[in-house]
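Please read it beside the sequence and coordinates shown below.

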Amino acid sequence: MREVLNEMSIRFKSRSANENFARAAAAAFAAQLDPTVEELADIKTAVSEAVTNCVVHAYPNTVGNIFMTAKIYAGSIFEIKVRDTGEGIADVRKAREPLFTTGGRERSGMGFTIMENFMDKLKVVSKTGKGTTVTMEKKISVRCGGNKK
Amino acid sequence: MKITHENKDGEMIIYLSGELGHHEALKVMHEMEDMVDFHSSLKLCLDMGDVNFMDSSGIAVAVNGHRMMAQRGGQFRIAHAQAHAMRVFDAAGISKTVKFF
């Protein structure tokens, strides 16, 4: 087991106004690792994609709960988990393909591709009718002079 | 997200300011359509100089802008996209279709 140095957990409604809140909250928590501007933007973008997926796909005609947990592991590893109890994804492999979307014209089908590109690890576990859990991980670079604790 | 516009030398310029995510994307698309229709513009520019965050919703906005202007026989371009926005656009390989300035 890896050592968890810090952890936070929040629950919010699947309203699109909360997408902004979720990425800001994740970034504020990740800030203690002293990430570069680019690393922080990567985290914000990946979280935004995961949360938007919940808003658009997990709870398409209803408002449900989104659970977000962030952990910091020894070695400057940042982990973020976004979970919903919505509709679930029937075919995860298909959903992860670039440009594939069942969303409207405001969606590009690039969400999972962005999460994959901007984070080091991406795991998607989903069950139809039960919900989806997206877990992502990124190692934050340790900079000259050492990062803040 | 703040959206303003300017009709400059026959080109409709839409200035975006703030964060561009899913919550804002539809509003931007409607604004682009409304302005281009109202002014019968054949040139549309999306100025992203003041966009400080963008996710894949920005890709959808760009694709829609490009498609909308192509249907009207016009031109579409994106101006002043920041480094982070470009990384998102590049993930979709969109610079093959949309012009950036």
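In this predicted model, strand S2 (residues 11-20) and strand S3 (residues 43-54) of chain B run parallel to each other, and their pairing extends over 8 bridges. Within this pairing, B:Tyr15 of chain B has B:Asp47 in S3(B) as its bridge partner. Helix H1 (residues 22-38) of chain B packs on the sheet and touches S1, S2 and S3 of chain B. The direction of H1 makes an angle of about 170 degrees with that of S2(B).

S2(B) also pairs with S1(B), here in the antiparallel sense. Opposite B:Ile3 stands B:Leu16 of S2(B). The hairpin formed by S1(B) and S2(B) has 2 residues between the strands, and B:Asp9 takes a positive phi near 50 degrees in this hairpin. The two pairings are set out below.

| Strand pair | Sense | Bridges |
|---|---|---|
| S1(B) and S2(B) | antiparallel | 7 bridges |
| S2(B) and S3(B) | parallel | 8 bridges |

The sheet as a whole is open and mixed in its pairing, with 5 strands of chain B in the order S1-S2-S3-S4-S5. Strand S1 (2-8) and strand S5 (99-100) of chain B each have a single partner strand and therefore stand at the edges, with one side of each left without a neighbour in the sheet.

**Contact between the chains**

Chain A contributes 21 residues to the contact and chain B contributes 19 residues. On the side of chain A that touches chain B, the elements giving two or more residues are helix H1 (17-30), helix H2 (37-58) and helix H4 (111-118) of chain A. H2(A) gives the most, with 8 residues. By residue class, this side of chain A comprises 6 nonpolar, 9 polar and 6 charged residues.

**The surroundings of A:Ile10**

A:Ile10 belongs to strand S1 (residues 4-13) of chain A. Is this residue buried, exposed or partly exposed? A:Ile10 counts as partly exposed because it has 15 C-beta neighbours inside 10 Å, whereas a buried residue needs 20 or more and an exposed one has 12 or fewer. Apart from neighbours within four places in sequence, A:Ile10 is in contact with A:Ala25 and A:Met68. A:Val82 is 72 residues away from A:Ile10 in sequence, and their C-alpha atoms are 9.9 Å apart in space.

**Confidence**

The model has an ipTM of 0.91 and a pTM of 0.93. For chain B the average pLDDT is 95, and 100% of the residues score at least 70.

Technical notes:
Residues are numbered from 1 along each chain as its sequence is written. Chains are lettered from A and ligands numbered from 1 in the order in which they are written. This is a predicted model: local features need pLDDT of at least 70, side-chain atom pairs count only at pLDDT 80 or more; totals for chains, interfaces and linings use all residues. Two strands pair if DSSP finds at least two bridges between them. Helices (H or I, at least four residues) and strands (E, at least two) are DSSP runs, numbered from the N terminus. Two residues are in contact if their C-beta atoms, placed from the backbone, lie within 7 Å. Axes are lines fitted to C-alpha atoms, for helices over the stretch in contact, and angles run from 0 to 180 degrees between N-to-C directions. Ala, Val, Leu, Ile, Met, Phe, Trp, Tyr, Cys and Pro count as nonpolar, Asp, Glu, Lys and Arg as charged, and the others, Gly among them, as polar. pLDDT is the predictor's confidence in each residue, from 0 to 100.
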